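Open the model in your viewer and keep the sequence panel beside it. The stops below go from one selection to the next.

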Amino acid sequence: MEFTIGDLSNSIFASLGVSDCRNDLKIPAREGSRDCLVLVDGLGKNVVDEFANKRNFVTEFEYLRTLSATFPSTTAASLTTLGTGLPVGEHGMVGYTMRVPHSGKPERILNALKWDERVDPEIWQPNETLFQRAMRSGIAVSHIAAARYENSGFTRAALRGAAYKKANTISEQITATVEALRQPGSFAYVYLNDVDEASHAHGMGSERFLKALEKVEQLISGLMRELPSGIRIWITSDHGMINKQEHVVIGKNNDLLNDVNLMAGEPRVRYLYISPDAIEEVKSRWLEFFGPKITLKTRSEAISEKLFGETVSEKYIERIGDLIIIANDELILVEQEREMLQIAMVGHHGGLTKNEVEIPLLLLET
């Protein structure tokens with residue numbers, strides 16, 4: 001059976017005694033347990049496979065299993081699944097950028113990580129988070145990450161409810177985590193984004209990427225050294241990464257945006273919002289242009305194939321594109337207005353390749 005990042009968060013909180021959480025991973029319950037979940041953004045399974053022994057990276061940890069990122073395999077969707085324990089179709093954070101239905105002519109696009117002050121985060125994602133439920137159950141929940149994320153719209157939508165502890169450096173993160181886990185019945189979520197940033201800017205395997213792995217190792221070794229015995233340290237991620245080999249600028253010297261009202265998503269997965277009478281024509285045009293370089297699905301096909309989970313809530317359906325374009329292999333689909341920025345990025349994610357979807361789950365008990 002394939003387990004997701006949402007199954008992990010559900011199972012950890014179930015083991016801590018939070019009611020109505022599924023323990024599908026069968027994590028042993030321990031009275032007064034203390035758990036630390038380290039989320040390394042962009043750390044795919046392939047990174048652990050290739051660099052663990054080569055760079056002496058997380059070698060002290062047991063590799064428990066491979067988990068699956070969400071679709072799209074992107075931070076906004078995956079971290080909301082982590083925070084709520086729900087699949088994408090039930091929490092509604094369907095991508096990095098997505099349409100805001102009924103927001104005017106033309107309709108607006110919401111960037112989930114930059115947000116939009118006109119969108120209320122708790123209305124956009126109204127489900128109670130696991131952090132809120134755990135706090136109500138008496139678990140001391142802490143969220144340890146950079147100060148800039150504390151009051152972001154995305155944090156308020158996907159990860160609200162924890163005591164936020166601002167930590168901008170590795171030493172600050174270690175100190176904050178040790179403080180957060182002093183008492184029994186506590187949980188700390190620690191977020192680190194250096195690997196993701198380095199992979200985007202310079203590519204997986206680059207010198208900058210290897211430096212980012214060193215920072216992760218500094219954090220982990222510091223936690224192992226400073227945390228008292230009896231704490232479970234989990235390591236996982238939200239998605240993996242591929243290095244691009246080919247790009248197409250959508251709408252530049254091609255007619256791919258003809259009859260398309262809006263385009264959202266990101267370079268590995270594009271959402272096209274189209275008038276109903278133009279969907280078949282746009283579909284034919286994209287398939288003729290790209291052939292096997294893309295996988296194209298209508299919204300109804302994607303939902304029936306359960307790409308977003310078992311069900312998609314009616315209120316979130318219109319956030320998903322009428323057509324969903326998934327780039328195959330190492331292709332990226334570039335927006336003309338962001339051409340230079342997106343082409344300059346080496347690492348990308350969002351699609352369905354193994355390197356994007358497969359994420360590790362590691363465990364060490366102090």
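Select Cys 21 to begin: its relative accessibility is 13%, so it counts as buried (under 20% relative accessible area, with exposed over 50% and partly exposed in between; 1.4 Å probe, protein chains only). This is a predicted model, in which local features need pLDDT of at least 70 and side-chain atom pairs count only at pLDDT 80 or more, while totals for chains, interfaces and linings use all residues. Residues are numbered from 1 along each chain as its sequence is written, and side-chain values use heavy atoms, with hydrogens and water left out.

With a disulfide taken as a pair of cysteine sulfur atoms within 2.5 Å, the count is zero.

Next, select Phe 13, Phe 187, Tyr 189 and Phe 308. These have the most contacts inside the largest nonpolar core, which has 61 residues. Such a core is a set of buried Ala, Val, Leu, Ile, Met, Phe, Trp, Tyr and Cys residues joined through side-chain atoms within 4.5 Å. For a second, separate core, of 39 residues, select Leu 43, Ala 180, Leu 210 and Leu 227, which are among its members.

Finish at Gly 44, buried at 0% relative accessibility. Which residue lies 316 places from Gly 44 in sequence but 6.5 Å away in space, C-alpha to C-alpha? That residue is Pro 360. Beyond neighbours within four places in sequence, Gly 44 is in contact (heavy atoms within 4.5 Å) with His 239, Gly 240, Glu 358 and Pro 360.
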